[in-house]
Each structure stands twice: as structure tokens, then as C-alpha cells.
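Please read them with the model open.

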Amino acid sequence: MTSNPVPRILVLNGPNLGRLGSREPEVYGSGNLEDLEALLVAFVPETTQIDLRQTNEEAELIGWLHEAVDTATPVVLNPAAFTHYSYGLRDAAALVTKAGLPLIEVHISNPHTREEFRHDSVISGVATGVIAGFGFGSYRLAVDHILHG
Ligand code: CA2
């Protein structure tokens, strides 16, 4: 069986992830978002666009999830610290999955091995799935699922 082509994947990143590569390499590795984008572009077919974005603003991230619904675009989401407390982001993520689109929550680190407050995600309950602890490989695994199931 052949799967449908996926023209675009939104890869959305929450607060402080724009600082990747500059601090805490022991937790988040030494790569930055440009390196992540290059890794994903190299992984997908030429016919699939990786639309990678980062924001420190909750409202902007929510707006991008609305855009995903309106354009029927699958989502890879690293909500960063919003993971642990943003019910607004959860409601927007639920709009994506309720529209029948995949939304995969990813984390570079494994939050369950870290501070207590990182053990809870308000996003996971409305996500298609969750991948954590594999560095940038978490994103690659999520994209692989979107492309191949
Ligand atoms: O492991 C992940 O991907 C996280 O989503 C990253 C978030 C954290 O709040 C989550 O619990 C787990 C933090 C992103 C902060 O990014 C930085 C990047 C470079 C230097 C310092 C922070």
C-alpha cells in the first residue's frame, strides 16, 4: 500500500528553544534550530516542506495551531515549558487532533528524569503521541510517523 504524499509539516517550537546550542548542551545537545531544520530537510522527500518555527509567545503558538487546522497540516510540537501548564495551548492542540490531523508532542530531553514539575504534560492527553528523550531524534521519529505511519 502506498501512503498519501505529505506536502508540508509544521514543526513548532515553544519558549527558549531559540537558544538551543548556546547553553545546557548536556541536556539539549549542541545543535541549534538551523541544525534541526537541516536534519529534518535531509530526512524527508523533496516533495515535503519542513516549516520549522519558534516563538516565545503563547498566543503566536496557538495561532499557528489554528493555521494547521485551517490548512490541514500535520504538526510536530515541542511546547517547551508551556507543556507543563498551558491549558490554552492544550485546547488549541485538541483542535488539531479533533480535526483528524496528527499532532505529535516531542521533547529533546526526557522530562520524566528531571524536576518534578516537568513530569506532567497538559498537552499529552490531546496529542496523537509523545516522543521524548532522543535529542533531535525525537523530531525525526515524529516526522517519520507522519510520513509513514
Ligand atoms: O526537552 C525538551 O524538549 C523540553 O520541552 C525543553 C523545555 C523544557 O521546559 C521542557 O520541560 C522539556 C525547555 C527549553 C529551553 O531551551 C533551552 C535551550 C538552550 C538553553 C537553555 C534552554
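1. Axes here are lines fitted to C-alpha atoms, for helices over the stretch in contact, and angles run from 0 to 180 degrees between N-to-C directions. Helices are DSSP runs (H or I, at least four residues), numbered from the N terminus. The model is predicted: local features need pLDDT of at least 70, side-chain atom pairs count only at pLDDT 80 or more, and totals for chains, interfaces and linings use all residues. Residues are numbered from 1 along each chain as its sequence is written, and side-chain values use heavy atoms, without hydrogens and water.

2. Helix α2 (residues 33–43) and helix α5 (residues 137–148) have axes that come within 10 Å and cross at roughly 30 degrees. The pair is therefore roughly parallel (an angle under 35 degrees). From α2, the contact (heavy atoms within 4.5 Å) involves L36, L39, L40 and F43, and from α5 it involves Y139, R140, V143 and D144. Six of these residues are nonpolar, none polar and two charged. Here Ala, Val, Leu, Ile, Met, Phe, Trp, Tyr, Cys and Pro count as nonpolar, Asp, Glu, Lys and Arg as charged, and the others, Gly among them, as polar.

3. Helix α3 (residues 58–71) packs with helix α4 (residues 87–98) at an angle of about 10 degrees, their axes 8 Å apart. This makes α3 roughly parallel to α4. Residues in the contact include L61, I62 and L65 of α3 and L89, A92 and V96 of α4. By class, the contact of α3 with α4 has 10 nonpolar, two polar and one charged residue.

Conventions: Helix = DSSP H or I, 4+ residues; strand = E, 2+ residues; numbered from the N terminus. Parallel < 35°, antiparallel > 145°, perpendicular 65-115°, else oblique.
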